[in-house]
Amino acid sequence: MEKRVCGLETEYALSFEARDSQLRNLDAGAIFGDIEAILPQTHLTLEADSFRRNPTGQHDAIAIKEGWFVESGARCYYDAGHVEWATPETTSAQQAVLYELAGDRTVLALARSVPMARRGRVMVIKNNVDYVHGHTYGCHENYQVVRRRSAREDRAFFRMLVQQLTPFLVTRQIFCGAGKIGCADPQAARTVGFQLSQRADFIERELSPETRAERAIINERDESLSGQRYRRLHLIIGDSNLSPYASILKLGTTRITLHLIEQSALQHVPRLVDPIAALKAVSYDPTCRVLLPTVDGQCLSPIALQRLYLDTAQQVLREPDQATYQVLSMWQDTLDQLERDPLLLRDRLDWVAKQYYLFNPLLKQEMTTWEEVAAWSYVIDQLRCEDTAQTGRPTSQQYARYQHILQRHGLDWSAYEAQRQLYFQLRERDLRYHDLDSEYGLFALLQARNLMLRLYANEEAIVTACNHPPGDTRAVARARVIRWAHETGRAAEVLLDWGRIQIGGGNPRIIQLDEPLELYEGMLDSVLRVLHGTDDQQDEIRLLGEVQCELPPRGLRALLRRFMSR
Amino acid sequence: MYQQTQQPEVERTPPQPTTDLLAEIEARLRQDKQATTDREAAQAALDQRATAIDTHMVELEARIAEILSANPEEFMIRFLQTEGE
């Protein structure tokens with residue numbers, strides 16, 4: 001399989017738990033301000049500078065702070081109320097997840113270091129939803145895709161990509177859903193007590209460039225952040241995974257599917273009649289057996305659809321590299337086990353672990369079922385909207401109003417108090433699962449008890465990933481410039497963006513990082529030597545044929561002429 | 001607390017943290033396959049002794065209860081986030 005870069009952008013939810021164990025709201029923007037002050041003390045950093053590529057002022061509409069690139073090539077910034085961490089460019093799912101874990105660790109360490117942490121605990125919750133307003137935030141995936149030669153061919157290719165990737169994305173939640181209590185869709189809320197995905201509720205379109213509204217299965221924003229040869233496929237549909245196994249599957253199977261699409265190997269995969277309805281149906285069904293109608297008249301389960309992709313991958317990828325082979329094995333194993341019994345995957349899939357270890361014991365204790373929980377959740381949601389939260393007790397009018405719903409499910413008001421307690425307990429457990437703190441997080445607890453598979457047990461590798469870039473992408477160049485800037489005390493002269501490095505004060509050189517798989521070693525060597533150098537060393541500028549240069553045009557032209565004539 | 005990072009020397013080729021990563025994951029997966037088989041066998045044995053399962057889950061539940069807040073309603077309604085992305 002050809003190399004391609006991929007990466008993750010995670011939005012973290014911050015909250016503050018005071019010493020009295022009460023949760024308090026905090027201003028994530030102010031916390032980010034503190035983080036900005038600490039990050040340069042704990043890491044080699046350079047300020048990010050993406051406004052130049054996007055000077056339209058769009059940033060003004062939502063709160064964005066550029067943040068910093070760190071020496072691993074990752075970036076920490078503030079976006080729409082959330083501290084966000086983007087991994088550096090990586091070349092395998094396994095590598096990407098290593099850097100995802102490094103990001104988790106760094107953000108948690110920073111949250112522990114802010115001044116507010118002296119008065120309690122700044123919680124870092126890696127999830128995608130709050131249960132009060134139903135607000136969502138993302139864990140975005142990025143994949144490098146080679147464009148077709150002409151614009152027309154490329155449009156046709158993207159249409160094909162959307163068509164063939166959609167059924168895969170709709171059904172991959174069966175292994176990479178993070179699990180969520182309840183349902184935001186009022187039509188389904190009475191019957192859905194638990195669902196596989198945190199994000200499915202918020203996906204409304206098949207294709208859209210938006211991220212804050214009209215979210216789509218495939219985001220069609222076309223911002224390459226590299227050369228025009230490449231598209232950066234931006235997916236916002238995925239959940240934040242705590243389980244590295246689920247995260248590797250999410251990224252690894254998507255990478256393989258993109259390869260199959262590029263090889264035109266997925267022509268036989270049927271299109272779904274209604275992808276959005278299918279997405280929700282899959283999310284609502286923990287048996288993974290719901291049948292999804294396809295345009296060719298079949299009805300396929302999500303497992304069967306995933307098997308179409310896996311079978312094709314096994315046929316096409318005859319001699320896979322080690323990373324791909326590993327993902328293929330995990331994919332097959334997962335589908336086999338899901339077919340037998342999803343609960344067998346309780347040690348590796350987030351939604352299954354939550355259900356088995358955190359939620360089902362509570363339901364058993366209360367002698368209730370998910371069907372009852374769903375009906376009660378709907379009623380309790382309605383009552384909360386009607387502002388009975390103060391007393392917790394419905395009025396006689398409310399009793400009358402919701403009586404028919406309870407009756408329809410064979411329930412009565414005698415269970416109200418117990419179900420109301422359960423409603424909040426389930427949601428607290430869900431949120432606590434995503435707490436990154438090893439002392440307080442329920443995922444961390446399961447992992448500490450060896451109830452969750454620990455794939456990245458090598459602490460040294462995670463620590464190294466906090467400070468070093470992947471060795472085979474342009475993140476190497478970014479990291480090298482950051483180190484150089486600090487070594488030479490010239491940080492103020494460098495502007496960094498994902499696809500661009502500008503170095504030098506009054507006489508800046510610009511290196512376009514158009515090829516995500518290039519290390520740009522020779523080019524950086526020459527530029528850095530010139531910046532250090534004497535007049536003689538200006539000879540090194542011959543490599544500037546590859547470098548766009550913002551030298552005064554006359555000087556540059558003279559230099560280039562000099563070397564062209566040699 | 002977070003450890004202060006040492007100022008590293010400028011390196012031409014930075015170390016690759018993924019060296020051996022795949023091998024390590026592979027070993028973990030293989031180890032787990034055996035563990036799963038063992039666990040399934042143990043589970044089958046446990047299934048016949050429901051009390052033992054309960055004890056195992058009760059222990060876990062007790063630890064979870066220590067972590068959770070005394071007032072889950074308060075916890076949930078105070079966990080407020082802005083719409084992201």
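Me: Helices and strands first: what are they, in DSSP terms?
Reply: They are DSSP runs, counted from the N terminus. A helix is H or I over at least four residues, and a strand is E over at least two.

Me: Good. How many helices and strands are in chain A?
Reply: Chain A has 17 helices and 19 strands. Keep in mind that this is a predicted model.

Me: Then what is the mean pLDDT of chain A?
Reply: It is 91. A pLDDT of 70 or more is reached by 91% of the residues in chain A.

Me: Where does the pLDDT of chain A fall below 50?
Reply: Over residues 534–561. The model still gives that stretch 45 contacts beyond near neighbours in sequence.

Me: And what is the mean pLDDT of chain B?
Reply: For chain B the mean is 73, with 58% of residues at 70 or more. Residues 1–15 of chain B stay under 50. That stretch has 32 contacts beyond four places in sequence.

Me: Which elements of chain B have the lowest and highest mean pLDDT?
Reply: Helix H1 of chain B, residues 21–47, is lowest at 76. Helix H3 of chain B, residues 72–78, is highest at 93.

Me: What ipTM and pTM does the model score?
Reply: ipTM is 0.86 and pTM is 0.90.

Me: Back to chain A. Why does its radius of gyration agree with a compact globule?
Reply: Because a compact globule of 566 residues would come out near 24 Å, and chain A has 26 Å. The C-alpha trace spans about 90 × 60 × 45 Å along its principal axes.

Me: What share of chain A counts as buried?
Reply: 63% of the 566 residues. Chain A exposes about 21400 Å², and carbon and sulfur atoms supply 48% of that.

Me: What about contacts in chain A between residues 24 or more positions apart?
Reply: They make up 68% of the contacts with a separation of 6 or more.

Me: Charges next. How many positive and negative side chains does chain A have?
Reply: 67 positive and 75 negative. The centres of the two sets are 2 Å apart.

Me: Now single residues. Where is A:Gln306 found?
Reply: In helix H7 of chain A, residues 302–316. A:Gln306 counts as buried because its relative accessibility is 0%, and the cut-off is under 20%.

Me: Which residues is A:Gln306 in contact with, leaving aside neighbours within four places?
Reply: Among them are A:Phe168, A:Arg172, A:Phe175, A:Trp331 and A:Leu335. A:Leu335 is 29 residues away in sequence, yet its C-alpha is 7.8 Å from that of A:Gln306.

Me: Is A:Gln355 buried or exposed?
Reply: Buried, at 9% relative accessibility. A:Gln355 lies in helix H9 of chain A, residues 350–365. Beyond four places in sequence, A:Gln355 touches A:Phe194, A:Pro286, A:Leu343, A:Asn360, A:Pro361 and A:Trp370.

Me: Where is A:Met367 found?
Reply: In the loop between H9 and helix H10 (370–385) of chain A. A:Met367 has a positive phi of about 50° although it is not a glycine.

Me: Is A:Met367 buried or exposed?
Reply: Exposed, because its relative accessible area of 73% is over the 50% cut-off.

Me: And what is phi of A:Tyr520?
Reply: Near 55°, which is positive in a residue other than glycine. A:Tyr520 sits in the loop between strand E18 (509–512) and helix H16 (521–532) of chain A. A:Tyr520 is buried, at 9% relative accessibility.

Note on methods. Residues numbered from 1 in each chain as written. Chains lettered and ligands numbered in written order. Predicted model: local features only at pLDDT ≥ 70, side-chain atom pairs only at ≥ 80, totals over all residues. Heavy atoms only, no water. pLDDT = per-residue confidence, 0-100. Contact = heavy atoms within 4.5 Å. Rg over C-alpha atoms; globule rule 2.2 N^0.38 Å. Buried < 20%, exposed > 50% of the residue type's maximum accessible area, 1.4 Å probe, protein only. Areas by Shrake-Rupley, 256 points an atom, 1.4 Å probe, with all protein chains shown as cover. Lys, Arg positive; Asp, Glu negative; His and termini not counted. Charge placed at Lys NZ, Arg CZ, Asp CG, Glu CD.
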